[in-house]
Amino acid sequence: MRIAFSYAPGKIILAGEHAVVYGHPAISLSIDRGVRIKVQERTHLSGPIGPTLKATGLGFVGCVIPGVDGEGPLVLRQALERLVELLGERVRDLDFTAESAIPGGRGLGSSAALSVAMIRGAKQYFGEPLSKDEEARHALELEKIFHGSPSGIDHTVVSHGGLICYQRAQEPKIEPILMSRPLSFAIGIAGPHGGTLKAVEALSVRASRHPERFKHIFEGIANLVGEMKESLKNGQLAAVGELMNVNQGYLNALSVSTVELENLCGIARGCGALGAKLTGAGGGGAVIALVEEDPASVVTAFEKAGFLAFSTTCESKEKLEA
Ligand code: MEV
């Protein structure tokens, strides 16, 4: 029996989430945890037509089968149907088994990683080449099912890997950033957010009530993204951390932070983190804390406060490939 394996990493956003939806630049990087997928011929032959998806670690259990008579969360069933439309009816004969090391709904790119890994896995199974362009196009279609009208930053960084500056456009601008040293983070997990789609929509309603105020905040975020890019290139981690703190202040002003996320930021800064902020849509999710060297003390402090936590180290892709 033919079997294919694939992998795609999760991501964090160092600066610029939400503003990126409005065309401003943002900085994101892939992390050393992600979604692994095994693809094989469908074994679940009775009942509705596949493909099927069995997953662990993504915040749901059980088997997902698309179609009106299918099983599992609607959004995943719709994503599987979209995958069939993108790659052909032959995908109905496939079983996907996904194992995720990134918790779902926490702003760590689980849906983008799942999308990219499924596309890679299916193409690998069919023995067909997959260009970066095709991968990104298909992943965006799946991401639209998960997030409505996403900026595209999540699937782009997951597909590209490493550290990038991203700007939404008809032809998105993707600028790899070459860091002079690796970045170490402690990541603290808060409760799940209410979904990126809802967070983005609610923010646009608030922004429409105070267009001038929100315009200034988005411009402030865009300016700090520019500064952070230079600090990353020059290895000035203290400056990167300070700019993360400033970005967190802006995100709070946008009302996408929560008491839990602010608490996690406070814990991290109290333990000597260079900077801490929420990552992704907010309203729950996760906090990333940049540390000078060893993230262990911040991870322990998060855990002592009752939060799930882990550490991650990231390098620019160009460095990894060197
Ligand atoms: C989600 O990871 C980041 C947001 O900016 C939404 C988007 O870019 O589509 C909140």
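A: In this predicted model, the largest pocket has a volume of about 880 Å³. Its lining is made up of 43 residues, and those closest to the centre of the pocket are Ser-111, Phe-146, His-147, His-193 and Thr-196.

Q: Which helices and strands supply at least two residues of that lining?

A: Strand 1 (3-15) does, together with helix 1 (74-87), helix 2 (110-125), helix 3 (132-147), helix 4 (153-160) and helix 5 (196-209). The largest share comes from helix 5, which gives five residues to the lining of the largest pocket.

Q: And how does the lining of the largest pocket split by class?

A: There are 18 nonpolar residues and 17 polar ones in the lining of the largest pocket, with eight charged residues besides.

Q: OK, what volume does the second largest pocket have, and what lies nearest its centre?

A: The second largest pocket has a volume of about 560 Å³. It is lined by 23 residues, and Ala-136, Arg-137, His-155, Thr-156 and Pro-172 are the ones that lie nearest its centre. Helix 3 and helix 4 are the elements that give two or more residues to this lining, and helix 3 has the largest share of it, with seven residues.

Q: Switching to the ligand, which residues come nearest?

A: Of the 13 residues around the ligand, the nearest are Lys-11, His-18, Pro-150, Ser-151 and Asp-154.

Q: What do His-18, Ser-151 and Asp-154 each place by an oxygen atom of the ligand?

A: For His-18 it is a backbone N or O atom, which lies 2.9 Å from a ligand oxygen atom. Ser-151 has a polar side-chain atom 2.5 Å from an oxygen atom of the ligand, while in Asp-154 an N or O atom of the side chain is 3.0 Å from a ligand oxygen.

Q: Last topic: is strand 9 mostly covered or uncovered?

A: Strand 9, residues 275-279, is mostly covered, with five of its five residues buried.

Q: How does strand 9 join strand 10?

A: The two strands run antiparallel and are joined by five bridges, strand 10 being residues 286-291. One of the bridge pairs is Thr-279 with Ala-286, the latter in strand 10.

Q: And what's in the turn between strand 9 and strand 10?

A: Strand 9 and strand 10 form a hairpin with six residues between them, and Gly-280 in that turn has a positive phi of about 90°.

Key. Residues are numbered from 1 along each chain as its sequence is written. This is a predicted model: local features need pLDDT of at least 70, side-chain atom pairs count only at pLDDT 80 or more; totals for chains, interfaces and linings use all residues. Side-chain values use heavy atoms; hydrogens and water are left out. On a 1 Å grid over the protein atoms alone, a cavity is a set of points where a 1.4 Å probe fits but cannot get out, and a pocket is an open set with protein on both sides within 12 Å along at least five of seven lines; lining residues have an atom within 4 Å of a point. Grid points are joined across faces, edges and corners, and a volume is the space filled by probe spheres set on the points. Helices (H or I, at least four residues) and strands (E, at least two) are DSSP runs, numbered from the N terminus. Ala, Val, Leu, Ile, Met, Phe, Trp, Tyr, Cys and Pro count as nonpolar, Asp, Glu, Lys and Arg as charged, and the others, Gly among them, as polar. Buried means under 20% relative accessible area, exposed over 50%, partly exposed in between (1.4 Å probe, protein chains only). Two strands pair if DSSP finds at least two bridges between them. A residue is near a molecule or strand if one of its heavy atoms lies within 4 Å of it. A polar contact is a pair of N or O atoms within 3.5 Å; within protein, one must be able to donate a hydrogen and the other to accept it, and residues adjacent in sequence count only if both atoms are side-chain atoms.
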